[in-house]
Structure formats: C-alpha cells, structure tokens
Amino acid sequence: MMFGSKQSGINAYAKVGLETGVVDASPLKLTIMLYEGAVTACIRAQQAIQKQDITQKGEYISKAISIIESGLRTSLNKRAGGEVALNLDQLYEYMIRTLMQASLRQDSAKVNEVQQLLMELKGAWETLEKSGMSRLAQQNALENSAIAEKAQAYQHLAMAGA
C-alpha cells in the first residue's frame, strides 16, 4: 500500500490540525488549549488508577504536571499580572504537589480535585475568549475576571499545602 494504514493517515491529519490550531491560536486560546490538555491527562490518569495500570498513571500524571509547570506556570507574567498572577502561581504549585501525592498514593480523588480546579479556571478563560474582547482589554480585565476570583478562592488550598 502506497500511503500506509488508514489510522496513520488519521493520526497525521489530527497532528497537522493540532499544529495548525496552535500556530493560528491567540495567547488566550493557547492557554485554553493547555488547560484542555491538562484536564485530559488528569482524566486518563484517573482511568489508569482505576485499572491499576501504574505505568499509564505515571505517564498521564507526568503529562499533567508538565503542562501545568512548563505551559501554564511558566507563561505567567508575575510583574504585569500582579496579585492574580501570584495567586495563580501558588495554585499551580499546589496542583503539582497534589498530583505528585496522588501518584505516590494511587489517589484518584486527588487527581480529580486538580481536574476540577483546572476545569474551573479553563471556564473562566473561555468566558474571556467568548466575550470577544481585544487583547489589551483582556489583559486589563484579568484583575476583575472570574480567574482572579477563582485564584483567590483557591489560594487557601495552596497555603494549606505549604
């Protein structure tokens, strides 16, 4: 067969679609995509824990941690973002610690806790995206947005885990 299997073609198409989506995405959309990836990794980690598949659990928890640490956390601009960015940084740190503990203890509930936090934050970012604000208006609105409220509401979690 000249072109390989149908599945490899589908996978290649999906990869091109994802790469095109990343190239064309605004910073706001990229942030949402990072949240989606971390949520998906958490869901799959929970499934692996239920199946007692330690290898898969480790891979998916590592993927979630990597997205949170290397994607979401490192993209924070603490100087420009002020208190909101600092609160998010603490929340991301809490999520990473919680996922590490979940991995060690095979604790699906802890993974679910992080998944819920990620989904709430993702929803706040999606609200900003749907509002159609300009990039400058989006940056200015962050302080008064649902993201600020969520970060502050969960700041006690980060402090409790410190």
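The largest nonpolar core has 33 residues, and I68, Y92, M95, L99, V111 and L118 make the most contacts inside it. A nonpolar core here is a set of buried Ala, Val, Leu, Ile, Met, Phe, Trp, Tyr and Cys residues joined through side-chain atoms within 4.5 Å, with buried meaning under 20% relative accessible area (1.4 Å probe, protein chains only). Two or more residues each come from helix 2 (27–50), helix 3 (54–73), helix 4 (78–105) and helix 5 (108–130); helices are DSSP runs (H or I, at least four residues) numbered from the N terminus.

The model is a predicted one, where local features need pLDDT of at least 70 and side-chain atom pairs count only at pLDDT 80 or more, while totals for chains, interfaces and linings use all residues. Residues are numbered from 1 along each chain as its sequence is written, and side-chain values use heavy atoms, leaving out hydrogens and water.

Take Y92: beyond its neighbours within four places in sequence, Y92 is in contact (heavy atoms within 4.5 Å) with Y35, I68, L72, R73, L76 and L121.

As for helix 3, its buried residues are K57, I61, A64, I65, I67, I68, G71, L72 and R73. Their cover includes helix 2, helix 4 and helix 5. Helix 2 and helix 3 pack at about 160°, axes 8 Å apart (lines fitted to C-alpha atoms over the stretch in contact, with angles from 0 to 180 degrees between N-to-C directions). That makes the two roughly antiparallel, a label for angles over 145 degrees. Among the residues making this contact are L34 and Y35 of helix 2 and I68 and L72 of helix 3.

Conventions. Buried < 20%, exposed > 50% of the residue type's maximum accessible area, 1.4 Å probe, protein only. Parallel < 35°, antiparallel > 145°, perpendicular 65-115°, else oblique.
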